Amino acid sequence: MNWTRFGFPAFAMFMLVLPALPLPDFWITQLNSIGLYAIVSLGLVLLTGVAGLTSFGQAAFVGVGAYTAAFLSTKLGISPWLTLFVGVALSVVVALVLGAITLRMSGHYLPLATIAWGLTIYYTISNMEFLGKYDGILGVPPISLGGHSLGSGRGIYVLIWVAALAAAWCVTNLLDSRPGRAIRSLKEGTTMAEAMGVSTFRYKVIVFVIAAVLAAISGWLFAHFQRTVNPSPFGIHRGIEYLFIAVLGGVGHVWGAFVGAGVVKIIEDELQTLLPKLIGTSGNFEIIVFGVVLVLVLKYAPDGLWPFVTKRLPPKRRVKDWGNAEALPARDKPVRGDMLLDVNEVRKEFGGLVAVNDVSFQIRAGDIVGLIGPNGAGKSTTFNLVTGVLPLTRGQVSFRGQAIGGLSSRQIAERGMSRTFQHVKMIPEMTVLENVALGGHLRSSSGTLKAMLRLDRAEERRIYAEAEKQLARIGMAELMHEQAGNLALGPQRLMEIARALCTDPALLLLDEPAAGLRHKEKQALADVLRQLKREGMSILLVEHDMDFVMGLTDRIVVMEFGTRLIEGTPEEVQASPAVRAAYLGTEH
Ligand code: ADP
Ligand code: MG
């Protein structure tokens, strides 16, 4: 039985019938708070757990939603349903502005920036005369639905939990989709995702906006649940608490947000009554306990609590439903012998070091060209210049008759160049099939909203059919359900080739695909490359291992110290004393 198919509906059903049972009001109130916390933490699961963008400032967005609701309903008498719309719109605007400024930051700068704007929004709210300063706004009306007032207990419970469960459903759907794969690739750095045609900045902004909207919805519910707002629940300490909930529950897992919210809320309550009794004076001692627990969790269970549950459940297996899906659109292919890639005197200087010194070579359609040379010769740098990962210092590159020098790696990918990496770049926790499906990004178009509402299934089937086809093409179809991170290096490198093929490239660029492979794996790789050549694929093969390229290539370019030493057929290169000297490291 596939537990995931029944787990979610069963949980949803259970949560929604609870208020009909004779459960004490205290627990209904607790569950209301848990739902509100979980909605915000779900945003952090996406933002921090999945996309790797740490934010301490989510409480500020909760404040935006809550204050919009409180102000508009009490001062202007606007209906709560309209204030929800305004609050969400406002949070989108604020997130877009903040995201545009901060999401290009890397490393520790982004979390620091989230603290900064979290404080800014908090103090702005706290100091506005019309928002009641530190006293806030009293007398927020209850939400009414079809003439019934939802009040603030069992009535609003259903609304809170419908919102929380709907949010969980949307986020779960999103993670299993075209935009979801792009979002999941963000944590591994931008190079690979951009090479697959993903606009990493765009998806960072998208997850940032989604997290802000979820926070604002929670704030709107909170305002009508508490019936009053004041600045204190929207400060930075609460922002840290939301992050704590997500990390404790299992940041990166949708249900981790719920587990974390439940555990934190219940323990917090117990500690708030227990600790002052034990210690003998009142104070926020629970915060100290949480601080210690957070450090312990980060040290001993960095994946949080939810993985302890999933470990005990049978693994999820994707049901193959793409058997007769229509093929994805394909690009016009070059005719064999056409000029495909023309690299003309490209140069790259790193400070004083000339890594690539006016190198030229060409590739015609249908050829396999080897780019070889000893370590440090400038092969990878040349490769990165051609694929747009590094900007040229000088020189021109044209691809299929168009100048591509100066274009980004994403724009070059759009034009039909696809690549693998010297150090395998993948999303280890996704399956082989999902990793390869990322290669289909540019050949499909489903957006975030469509994915959240699961209206993207027809296109998803086409993407998976293509991914399986490319895996079968290189003889890896039976590994498609494996987790990519569990594969050996050989299959991982082949998986990268399948991912590149999934983009439907006109030129395939492979950076040291044989490096680190065992003899058998090298042979398997050589077979795959020979087969691709037979099928008419054009390949630029960067390689350190001279023997590997000899039997495979039509032409070879040899580099040494950044310059082109010689270009010729494998026989000519093999016979060259200069090449032998370069490889032996002797004078020539
Ligand atoms: P290969 O792939 O042939 O082993 P590379 O292209 O990686 O060689 O490197 C060529 C030279 O450029 C080396 O001397 C290397 O140290 C230098 N180099 C490569 N990348 C950078 C960089 N980002 N900054 C500075 N120097 C670099
Ligand atoms: Mg290299």
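Because the model is predicted, local features need pLDDT of at least 70 and side-chain atom pairs count only at pLDDT 80 or more, while totals for chains, interfaces and linings use all residues. Residues are numbered from 1 along each chain as its sequence is written, chains are lettered from A and ligands numbered from 1 in the order in which they are written, and side-chain values use heavy atoms, with hydrogens and water left out.

Start with the whole chain. Its C-alpha atoms fill a box of roughly 90 × 55 × 45 Å along the principal axes. The chain holds 23 helices and twelve strands. Both are DSSP runs numbered from the N terminus: helices are H or I with at least four residues, strands are E with at least two. Of the 588 residues, 52% count as buried. Buried means under 20% relative accessible area, exposed means over 50%, and partly exposed lies in between (1.4 Å probe, protein chains only).

Next, look at contacts, meaning heavy atoms within 4.5 Å. Take those between residues at least 6 apart in sequence: 76% of them join residues at least 24 apart.

Now for the domains. Their bounds come from an automatic or database domain assignment. Domain 1 covers 18–235, domain 2 covers 334–416 + 506–588, and domain 3 covers 426–504. The C-alpha centres of domain 2 and domain 3 lie 26 Å apart.

How many residues are in contact between domain 2 and domain 3? Domain 2 brings 19 residues and domain 3 brings 13. The size of an interface is often given as the accessible area lost when the parts come together. Here the buried area is about 1200 Å², and carbon and sulfur atoms give 68% of it. That area is what two parts lose on being put together, summed over both (1.4 Å probe).

Side chains of opposite charge can pair when their charged atoms come close. A salt bridge is a side-chain nitrogen of Lys or Arg within 4 Å of a carboxyl oxygen of Asp or Glu. Between domain 2 and domain 3 the count is one salt bridge. Arginine 473 pairs with glutamate 535, with the closest N and O atoms 2.6 Å apart. Helix 15 (409–414), strand 9 (507–511) and helix 20 (519–534) each supply at least two residues of the side of domain 2 that touches domain 3. Helix 20 gives the largest share, six residues.

The whole structure has 28 salt bridges. One of them joins glutamate 194 and arginine 410 (3.0 Å, N to O). This pair links distant parts of the chain: glutamate 194 is in helix 8 (residues 190–195) and arginine 410 is in helix 15, 216 residues apart. Glutamate 194 counts as buried because its relative accessibility is 14%. Arginine 410, at 25%, counts as partly exposed.

Glutamate 496 and arginine 499 form another salt bridge (2.9 Å, N to O). Both lie in helix 19 (residues 489–501), three residues apart, about one turn of the helix. Elsewhere, Asp176, Arg318, Glu434, Arg454, Asp456 and Arg457 are linked in a network of salt bridges.

Last, the cysteines. A disulfide is a covalent bond between the sulfur atoms of two cysteines. The rule asks for a pair of cysteine sulfur atoms within 2.5 Å. A search of the whole structure finds zero disulfides. Cysteine 502 counts as buried because its relative accessibility is 0%. Cysteine 170, at 18%, also counts as buried.
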